[in-house]
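Here are a few notes to go with the structure, for someone opening it for the first time. Keep it on screen and follow along point by point.

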Amino acid sequence: MTPSTLPPSGCEDSPVCNILIVDDEASNLLALEAILEPLGQRVVRAGSGVEALRHALKTEFCVVLLDVQMPEMDGIETAELLRKRPKTRDLPVIFLAAISKDESYVARGYEAGAVDYLFKPFDPDALRTKVATFVELGKKNARIRAQHEALRVGSERALADFKEWSERRYQDLADSMPQVVWTADATGNITYHNERWADLARASATSEGPASPRDAVAQKAPPSVPGAAEFAAIAHPADLVSFASGWSSAVKVGVAWEAELRLGAPSRGYRFHLVRAVPRHDDQGNVVAWVGTATDIDARVRADRALQMLADASQRLNQLLGADPTKPDASVTPTRDLELVLASALPILGDAALLDVQGTDLANGEAFANGGIASERLRVAADGIDAARLADPRFDLGPATVGYSGRAEVFLDVEEEARALAARGEAKSSGRGAEHLRFLAELGVRAYICVPLVSRDRTIGTLTFVKLSDKDRFEEADVELAGDLARRIAVAIDNARLHAMTEKRREDLELANKSKDVFLATLSHELRTPLNAIVGWTDMLKKGSLAADELGRAIETIDRNAHALSGLVADLLDVSRIVTGTLKLESKYVSLGAIVEAAVMAARPQCAKKEIDLELEIEQAGGVLGDPERLRQVITNLLSNAIKFTPRGGTVSVRLTGDDERVRLTVSDTGDGIAAEFLPHVFERFRQEPTEGAASARQPRANQAGLGLGLAIVKHLVEQHGGTATAASEGHGKGASFSIELPLVAEPSTGRDEEAASLPPTGEPDLSGVHVLIVEDDPDGNELVCAILERYGARVTSAMTAAAALDALDGARPQILVSDIGLPDMDGMELIKNVRARKDDGAIPAVALTAYASRQDAMKAIAAGFDAHVAKPVQPAMLGSVVVRLLARGGATLGEPSSRDGEASSSSAA
């Protein structure tokens, strides 16, 4: 068998094995081949050691028969080389030697790895038996190797199948997880991602838009960053820069990396995920791969951000209490604080916000104390959105509806709800909600929330959030968050209002307290001044130290100062009634011209004394509906004020003008005038313009006699008549002008009679022959009333108690009763009730004479049974006239008044 026909391998696949025989003699080779032929194996011949090595490298042999003596390379050297090669290291070698029987050769042969050493000539059967042994051993080894190989192949196939199953199981597990799962190689390039990733990538690829996510990553992240292109398909474009920097750094250093990124698709929206990548290391610690996950933490992130936003908003809103409306500061104002609150909420609650607050001017914050009306709403928009977009008047419908109803209006998805509305056939509905939905769609609003601002069960405004981005919508949690923020804003604004109102009230109280101190000082002065004259002249009268020519002047001075005191008390009572709301009017048709003429006539003596020129001009003398006494009081106060501030030789002018609807009375003077800063306060109670200089700021001007009540009473009375009162002055030294306007009314048929009846008595009453019962517990008052009526000719019976009065009625039978209300044993109300209950005296005319001077007191007296009410201090002519009228009503015959006393008339009207 030639070498070219030999099989390439040993006997593992065949019942025969390969035997290599090596000898430089061809005859020897032929003899060996003949000896071995009965074994039925393949015999390979080699003529040299080199050729033997060549066959051993190509073919697997079960045994080698190697001649020791060969040229170039003997058998021992050949055996040594076979032992040095891994493939032939265990090949059995039998040395054949003809002449080298020396023991050293034999030893070398065994050292070279020989299994046997035979000398020629050798026994063919013995040689064949030995070779047959190695052949069987070779076949067994071949079978063992074949089994081993089969086991190896089977193991590798099973391992591959297991690996495939394991990978499939891993993929199935990864696909079933809600998280995004991915792997990357050592350089950071993505090698695997689960179905969750693929789903997001497909949704992103089908989203409509001007640029694809890969275009976005080309603009946002460096193209050299591994995995950037894959992440661009699922990550928010704004987060790609953060991803690129964090991921590239982690890959470079080989440490775990995590970050919060928004993953999703434009068509579905983006949600926050915790992205984490962990490296896998080999036995030497080198990174061989990366395993990454992305867990949805959107709810937690939004909740954390919402809580942080609410905390920041609360802190910012608390600063509203510190904002001073009178001292605006660009860094601390209601507008600035509210803008910052809305701006911090926009990343969470939309793209733009509207804040409408009822009764508050957000531009300057003054209305937190004054309650003004907002001039414009507060608009805040996120970066990249023009806030002017929110100025469209169609945005007014929602806040107006919510502000009126107090119920939130929410469209989580405008497009979806519009489609649902159209599907129900309500697209052309005229309902307010459908109309607003159409407006929002026209304005490009994708989602809408409008919630009321409610504080203390009152709706004080609205808070609106809108989303303008395509495919963006609100969640129910956003509605709750907006409602929470609205409640905090409402409470903060309401608290700021209350705080500002409290501060203003405190300032007003401090001012009122200062005014009270000034008022008390002024009141003490105003009371002591006339009392000083009265007490002084009265003391001299009692001592008889006055000459005859001084007696009249003393009486006149006492009378004048007593009337001044009476006027002060009357003003104080009027102010008390104004404050308590008990000042009432008895309105009737009144000719204002007549009242003006009478007031001017009464003021002329005072003007003449100060050498003041009093001018009167009446262009409109129409009538008004009012209380004649109170209108006379208004005109008298204006004239007194003008005369008081006009220097000697000045001019006071009174003009009555008007048109077909209103009448205007103007009282002007050439006096000291009013400073511009004090002009707005001229009608306030207890306010008088102070002299210049801090030292005297608490004292009124030297020529300002009075309590500072007259003009306040004027304003209130005029407003009670449906009119207005104003003051004007160009400053100190330029005089002042006071005007009142009242509405005109048509004259009724009985107007002249009523007006005449309202005028004060002008003559001296005659009570000759009239018997009057006086009931007064104050001795001085009793004596005074008795003297007055006796002066007019009456016969008087006096009683100090109610019991004495009832006894006098039984005995004296008087024609008229004049009684005080405040009696010691029984008040006047009980007394008149007892009188009216009598059979014989029940119809006697009765006059209530009392220091309880209000109209309510008068009404109570009339209701109790009195026929008339006369207030103290008593005016003699008024008391006499009342008695005359009551007796005339009852049919008694009385004397007519003996004369007309203009001065008494003026006193009675004062």
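**Notes on some strands and helices**

1. Start with strand S1, where both faces are covered: Asn18, Leu20 and Val22 on one side and Ile19 and Ile21 on the other are all buried (buried means under 20% relative accessible area, exposed over 50%, partly exposed in between, with a 1.4 Å probe and protein chains only). Strands here are DSSP runs of E with at least two residues, helices are runs of H or I with at least four, and both are numbered from the N terminus. S1 covers residues 18–22, and five of the five are buried, so the strand is largely enclosed by the rest of the structure.

2. A word on the basis: this is a predicted model, in which local features need pLDDT of at least 70 and side-chain atom pairs count only at pLDDT 80 or more, while totals for chains, interfaces and linings use all residues. Residues are numbered from 1 along each chain as its sequence is written, and side-chain values use heavy atoms, leaving out hydrogens and water.

3. Which strands does S1 pair with in the parallel sense? One is S2 (residues 42–46), joined to S1 by five bridges, and another is S3 (residues 63–67), with four bridges. (Two strands pair if DSSP finds at least two bridges between them.) Ile21 stands opposite Arg45 in S2, and Leu20 faces Val64 in S3.

4. Now look at Asn18, which sits in S1. With 1% relative accessibility, Asn18 counts as buried. A polar atom of its side chain lies 3.1 Å from the backbone oxygen of Glu60.

5. Further along there is an open sheet of five strands, ordered S17-S19-S20-S22-S21, with mixed pairing. Its edge strands, each pairing on one side only, are S17 (613–618) and S21 (724–728). S17 pairs with S19 (residues 651–658) in the parallel sense over six bridges, and Leu616 has Val654 in S19 as its bridge partner. Helix H20 (residues 710–720) packs on this sheet and touches S21 and S22 (736–743); contact means heavy atoms within 4.5 Å. The direction of H20 makes about 20° with that of S22 (axes are lines fitted to C-alpha atoms, for helices over the stretch in contact, and angles run from 0 to 180 degrees between N-to-C directions).

6. Last, have a look at H26 (residues 876–889). Among its buried residues are Ala877, Gly880, Val883 and Leu887.

Methods. A polar contact is a pair of N or O atoms within 3.5 Å; within protein, one must be able to donate a hydrogen and the other to accept it, and residues adjacent in sequence count only if both atoms are side-chain atoms.
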